[in-house]
Amino acid sequence: MTSLIYMFKEAFNNFGRNALVVLGAILAVFISLTLTFGTLVFGEVVRVNTLQWAEDVRVIAFLQDDMTAEATAELQNEVSSWPQVADIFYVSKPAAFDEALVLFSNDEAMLRVLKENPDLLPASLRVQPVDPEDYDLIVIRLESTPGVASVESAGDAIDAMIALRDGLQIMFWLLAVALGVAAVALIANTIHMAIYARREEIEIMRLVGASNWFVRTPFLIEGALEGLIGGALAVTFIVVAQQLAVDRLSELPDWINLAIQNDFILRQGALVLLFGVAAGLIGSSLSLAVHRTLRS
Amino acid sequence: MIKLENVTKVYPGGTVAAKDVNLEIAKGEFVFLVGASGSGKSTLIRLMMREEPPTNGDIWIAGKHASELPSWKVPYLRRSIGTVFQDFKLLPTKTVYENVAFAMEVTAKHRSVIRNQVPQVLKLVGLSDKADRLPRQLSGGEQQRVAVARAFVNRPLILLADEPTGNLDPATSVGIMRILDRISRTGTTVVMATHDHAIVDAMQRRVVELDRGRISRDESRGIYETRDPQPLPESSDTELFEETQDGADIEDDLDDAIDEETSKALASAIESDRAVDDAGSSEDGLSDDEDDAADDDEVTS
């Protein structure tokens, strides 16, 4: 217990001694993880908003409520035999209800109505065209098919949004990786300087028989703390920015939902913090591995 | 306690710092390592504290095969060794108390043990009233006493001292030697590398003389100079040169008169210490410490 307190005290002491370098390392972690977490959150917003268009579905046929299971299976077989159709799958009423809970997570009134009438949403067939350009042909054929109540197809806005997400995600990931490497290098540098500043102390520690872990752990804690602080700043920044976007961009079309579910933020946020700590540990380990003072 | 068998140390570049050294030092012995600069005294100290492994040969320290010890186990070996150096190696930002406590903190000693032991060992070296001073507020002799306190606070089985009086004037050296002598009498094995003729002559302890990495003399109650000097071999011109280049030696020659006095002072000081101890007096508050240390030795050795 005494040594644990000692190790944390030593780790914190260096924050003051090397404030500027430590700040640089924390900022690098912050920027890198902001991009990473921002990419994840943006991807999630697009995913939520294009939920029913996922997996290349471009046409949705809502079925009449009085369709029997046999009739539905027969209809599914028939549509899948059309040459323009690559694949087709069935979304039941309960599945449609679950999907709507996510889709309308920012719309209190809609959620209330849905929860009062879980049967409200129709079952549907989701169609993936062989060629995305062919979707209008499928729409026309479906509209004249018995048992189909209405047909909806993905608009240009959906396609643009998905294309934007894919493009941005590649760019953001590349940037995040480059900055992540920079963050690890900067943390390694701060630890290197911390070791240098304490080389006399380390020499004496070794003389009097401090174990390797006793000498090294404060530096590992320091690296991990720098990563953790950078990660926490990144998560806070994105959560605040996303909240501001939800509040400020109220004139967006109804079908765009910027709200993100809390469990996504918690899960991915924790992962981002873990990444920060890992970057810190990797950086400080690299520094400890190359530093001669610490070799026995 | 310490055993070196056919130990050879060759540094990269071919410098032979120790050659076929065989040396056995028993528990509680006080041994001087003497010899010219570059004769291998410091190398032997470094080998004994496992600062570096020997090129060949075996070293046993406090019952452990030090030359075969994996590097992660070295810290645990070091806990049975105290070290004192010419340049004190104190932390300038820590007080006297903190410098001594540091040796206990980093070996994960409990705070209550630290609070109990540090004042005791500061009393041993006579610095109780300066516990709150920083090293720069102390004289050289006082700084070295702090270093000795730090080396002894974990009650090591062995104390290795590399020129501990090298930076101190003769009168101050006497004080350090008195403390080392007291530590030795607690059962701690003391090995001290030194250039200081006066101290070696006054203490009359075992003297191991080194010459270009080899042991050239080993006497149980020796003095600094070889009693029966051998003519220098022709090849030793450089050694002779190094000897005269050494400031300490020149100073020793110039200050022979002072050394005589110092040496007498040291001898009589140590005599009187012994007389006090033999009478079983605990006036100096050390008897308890010494008993503790002796107990520790029995348990660990």
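**Strands, helices and contacts**

Colleague: How many bridges join strand β1 (residues 2-10) of chain B to strand β4 (residues 56-61) of chain B?

Modeller: Keep in mind that this is a predicted model, where local features need pLDDT of at least 70, side-chain atom pairs count only at pLDDT 80 or more, and totals for chains, interfaces and linings use all residues. Residues are numbered from 1 along each chain as its sequence is written, while chains are lettered from A and ligands numbered from 1 in the order in which they are written. The two strands run antiparallel, with B:Glu5 standing opposite B:Asp58 and B:Thr8 having B:Asn56 as its bridge partner. The number of bridges joining β1(B) to β4(B) is five.

Colleague: Which strands stand at the edges of that sheet?

Modeller: Strands are DSSP runs of E, at least two residues long, and helices are runs of H or I, at least four, numbered from the N terminus; two strands pair if DSSP finds at least two bridges between them. In chain B, four strands make an open sheet with antiparallel pairing, in the order β2-β1-β4-β5. The edge strands each have a single partner, so one side of each is left without a neighbour in the sheet: they are β2 (16-25) and β5 of chain B.

Colleague: Which residue in the turn between β4(B) and β5(B) has a positive phi?

Modeller: Two bridges join β4(B) to β5 (residues 64-65) of chain B, and these strands run antiparallel. B:Ile61 stands opposite B:Lys64 there. The strands form a hairpin with two residues between them, and the one with a positive phi, about 50°, is B:Ala62.

Colleague: Is α3(B) parallel or oblique to α4(B)?

Modeller: Among the residues of α3(B) that meet α4(B) are B:Val100 and B:Met104, and on the α4(B) side B:Val118 and B:Leu122 take part. The axes (lines fitted to C-alpha atoms over the stretch in contact, with angles from 0 to 180 degrees between N-to-C directions) come within 10 Å and cross at roughly 125°. Angles under 35 degrees count as roughly parallel, over 145 as roughly antiparallel, 65 to 115 as roughly perpendicular and the rest as oblique. That makes α3(B) to α4(B) oblique.

Colleague: Which element of chain B gives the most residues to the side that touches chain A?

Modeller: Two residues are in contact if their C-beta atoms, placed from the backbone, lie within 7 Å. The chains meet through 19 residues from chain B and 15 residues from chain A. On the chain B side, α2 (74-78) and α3 (96-105) are the elements that give two or more residues. The top contributor gives four residues, and that is α2(B).

Colleague: Over in chain A, is A:Gly227 buried or exposed?

Modeller: A:Gly227 is found in helix α9 (residues 212-248) of chain A, one of that chain's 10 helices, which come along with four strands. A residue is buried if 20 or more other C-beta atoms lie within 10 Å of its own, exposed if 12 or fewer, and partly exposed in between. With 29 other C-beta atoms within 10 Å, A:Gly227 is therefore buried.

Colleague: What share of the 296 residues in chain A is buried?

Modeller: Of the contacts in chain A with a separation of 6 or more, 88% are between residues 24 or more positions apart. As for the buried share of chain A, it comes to 33%.
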